[in-house]
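Where does each sit, and what surrounds it? The structure comes first.

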Amino acid sequence: MNRFSVASWALLLSSVGFSSCQSDSQAAKTAPPAAEAPAAPASPDQVTISAAQLAAAGIEIGGFTHKNMTTNVLANGVVDVPPQNRVSISPVMGGYVQRVDVLPGQQVKKGEVVAILRHPDYLRLQQEYLQARARLKFLSQELQRQQTLDAEDVGAKRKLQQAQADYATEQATERALAGQLRLLGLVPERLKASSLTPNVALTTPLSGFVKAVNINPGQYANPQDVLVEILNHADLHLELKVFEKDIARLRKNQKILFKVPSSAVQQEFSAHIYLIGQDFDGEARTVNVHAHLDDNKAPVLPGQYVAAQIQTGGARQPTLPEEAVIQAGELSYIFARVGKTGNHFRRYRVQTGPVQSGDVAIRPLDELPDTTQLVRRGAYFLEAELSKGQQQEE
């Protein structure tokens with residue numbers, strides 16, 4: 001009995017032990033695996049996007065474009081016209097304004113009437129001219145008589161000499177009066193006693209646009225008064241002020257790109273340096289630079305303020321479009337694809353240089369592989385995805 005009991009107990013313990021091991025083994029098989037830690041990113045500047053995001057963002061891959069990038073000198077100034085294209089109309093003799101025929105901004109042609117003046121002195125001047133012309137005719141006949149008498153040795157020499165002197169004096173008076181009439185715009189040769197007029201017309205000696213009208217009917221205009229101003233836009237130019245430190249970099253015929261900041265359309269125009277001033281402004285520390293516009297039909301007006309960039313030199317440099325460069329304070333970044341294919345991108349630090357026609361010069365600050373897999377479009381989308389990933393990790 002005891003022997004059986006010992007054997008039975010031994011068999012029972014063996015069964016229990018086997019069942020326990022089997023249960024442990026089964027539990028090990030069915031237990032859930034332990035959670036694995038996420039893989040650390042290869043680089044804090046690396047971002048991965050999906051194929052759908054790649055297509056939706058319109059990311060364009062390419063390489064550097066090498067261009068001859070120029071260095072610029074910044075300058076401010078105004079649009080202007082040369083002195084010969086600017087006319088200030090004043091009366092030769094004072095008079096009352098009877099009529100004004102132009103308005104500011106109006107286009108006029110050379111010889112066109114801008115105003116009519118009236119004064120009794122105009123009548124008096126015409127009268128004096130007609131009297132001088134009549135006396136001159138009489139003295140001419142008298143001189144001929146004395147010359148005839150002198151030729152026949154009948155007349156006295158003194159009378160001939162007096163006739164010559166009187167004729168020369170009256171001739172000078174007649175010519176002086178005729179000149180004054182021409183200055184008033186009257187034609188002496190056509191003047192008759194029946195055609196005397198108290199009115200004279202002021203005309204423009206230049207075609208262009210009326211800049212200012214400073215008179216009104218009934219007003220008395222003095223000879224020193226500027227009544228009307230005319231500008232001709234055929235030869236627009238820039239008058240720029242360049243600071244002392246930049247003068248040595250300027251040369252004649254250097255190209256200038258300029259804009260009119262006040263214009264709603266920020267269009268860029270071009271000009272070239274025609275003349276560099278030789279007079280230094282000690283107070284403003286600047287020198288005047290005169291530049292001619294490359295397109296005289298550019299929609300700019302005299303007096304408009306301009307911001308200009310004078311291109312003083314250049315070198316061939318690698319460039320990317322401005323939209324491919326991320327500006328982040330003092331640093332700038334570009335993106336490049338990791339590998340030849342795939343949706344992995346890495347950000348690289350760069351130093352930017354001159355900007356020209358939408359392209360910016362690039363000098364990498366990080367070691368950049370010799371690759372053409374640069375992001376030329378869609379860099380801001382990648383920057384946003386990279387920033388989003390960094391915020392999630394935090």
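Buried means under 20% relative accessible area, exposed means over 50%, and partly exposed lies in between. The model is predicted.

Gly179 has a relative accessible area of 26%, so this residue is partly exposed. Gly179 belongs to helix 4, which spans residues 157-183. Tyr129 is 50 residues from Gly179 in sequence. Their C-alpha atoms are 10.0 Å apart.

Strand 16 covers residues 305-321 and includes Tyr305. Thr319 is also found in strand 16.

| Residue | Relative accessibility | Class |
|---|---|---|
| Gly179 | 26% | partly exposed |
| Tyr305 | 43% | partly exposed |
| Thr319 | 0% | buried |

Take Tyr305. Its value of 43% falls between the 20% and 50% cut-offs, so Tyr305 counts as partly exposed. Leaving aside residues up to four places away in sequence, Tyr305 touches Asn76, Gly77, Val78, Lys259, Val260 and Pro261. With Asn76 there is a polar contact, side chain to side chain, at 3.1 Å. Val79 lies 226 residues away along the chain, yet the C-alpha atoms of Tyr305 and Val79 are separated by 6.7 Å.

Now Thr319. Buried or exposed? Thr319 is buried because its 0% relative accessibility is under 20%. Beyond residues up to four places away in sequence, its contacts are Phe64, Thr65, Lys67, Met69, Asp359, Val360, Ala361 and Arg376.

Definitions and conventions: Residues numbered from 1 in each chain as written. Predicted model: local features only at pLDDT ≥ 70, side-chain atom pairs only at ≥ 80, totals over all residues. Heavy atoms only, no water. Helix = DSSP H or I, 4+ residues; strand = E, 2+ residues; numbered from the N terminus. Buried < 20%, exposed > 50% of the residue type's maximum accessible area, 1.4 Å probe, protein only. Contact = heavy atoms within 4.5 Å. Polar contact = N/O pair within 3.5 Å; in protein donor to acceptor, adjacent residues only side chain to side chain.
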